[in-house]
Amino acid sequence: MFILANLVEAVARILDIALTIYMWIVIISALISWVNPDPYNPVVRFLRNVTEPVYRKIRKFIPTYFGGIDIAPLIVIFIIMFLQYFLVPSLHELALRLRYAG
């Protein structure tokens, strides 16, 4: 069982790191959108390519424009924080239970 426990623990840690990195990408993308960036800049294109598909999915279900401000990045950050506070600790706890179950 310890192998499965180690696998679940590794998934939890990698998921936590990936969510943190993506949250910073969303924050940087939102900040850059305030200054009218060059759309041909490779960094700007990368940020848009990585964030826009997620924003589109959110915009499908929730109106995100209020007074000219798009709150889709804020919603994404809240979802990431929820996953970091709920899913990651749950996976850590599952790994502990698997480790001591056998």
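Mentor: Let's start with axes: they are lines fitted to C-alpha atoms, for helices over the stretch in contact, and angles run from 0 to 180 degrees between N-to-C directions. Contact means heavy atoms within 4.5 Å. This is a predicted model, where local features need pLDDT of at least 70, side-chain atom pairs count only at pLDDT 80 or more, and totals for chains, interfaces and linings use all residues. Residues are numbered from 1 along each chain as its sequence is written, and side-chain values use heavy atoms, with hydrogens and water left out.

Trainee: At what angle do α2 and α3 pack?

Mentor: Helices are DSSP runs (H or I, at least four residues), numbered from the N terminus. The angle for α2 and α3 is about 95°, and their axes are 10 Å apart. Angles of 65 to 115 degrees count as roughly perpendicular, so α2 and α3 are roughly perpendicular to each other.

Trainee: Which residues of α2 and α3 make the contact?

Mentor: Val54, Tyr55, Ile58 and Arg59 of α2 meet Ala72, Pro73, Ile75, Val76 and Ile79 of α3.

Trainee: How should I read a nonpolar core, and which residues make up the largest one?

Mentor: A nonpolar core is a set of buried Ala, Val, Leu, Ile, Met, Phe, Trp, Tyr and Cys residues joined through side-chain atoms within 4.5 Å; buried means under 20% relative accessible area (1.4 Å probe, protein chains only). Here the largest has 12 residues, including Leu19, Tyr22, Tyr55, Ile58 and Ile75. Two or more residues come from each of α1 (2–33), α2 (42–61) and α3 (72–101), with α3 giving the largest share, six.

Trainee: What does Ile75 touch?

Mentor: Leaving aside residues up to four places away in sequence, Ile75 touches Ile58, Ile62 and Thr64.

Definitions and conventions. Buried < 20%, exposed > 50% of the residue type's maximum accessible area, 1.4 Å probe, protein only. Parallel < 35°, antiparallel > 145°, perpendicular 65-115°, else oblique.
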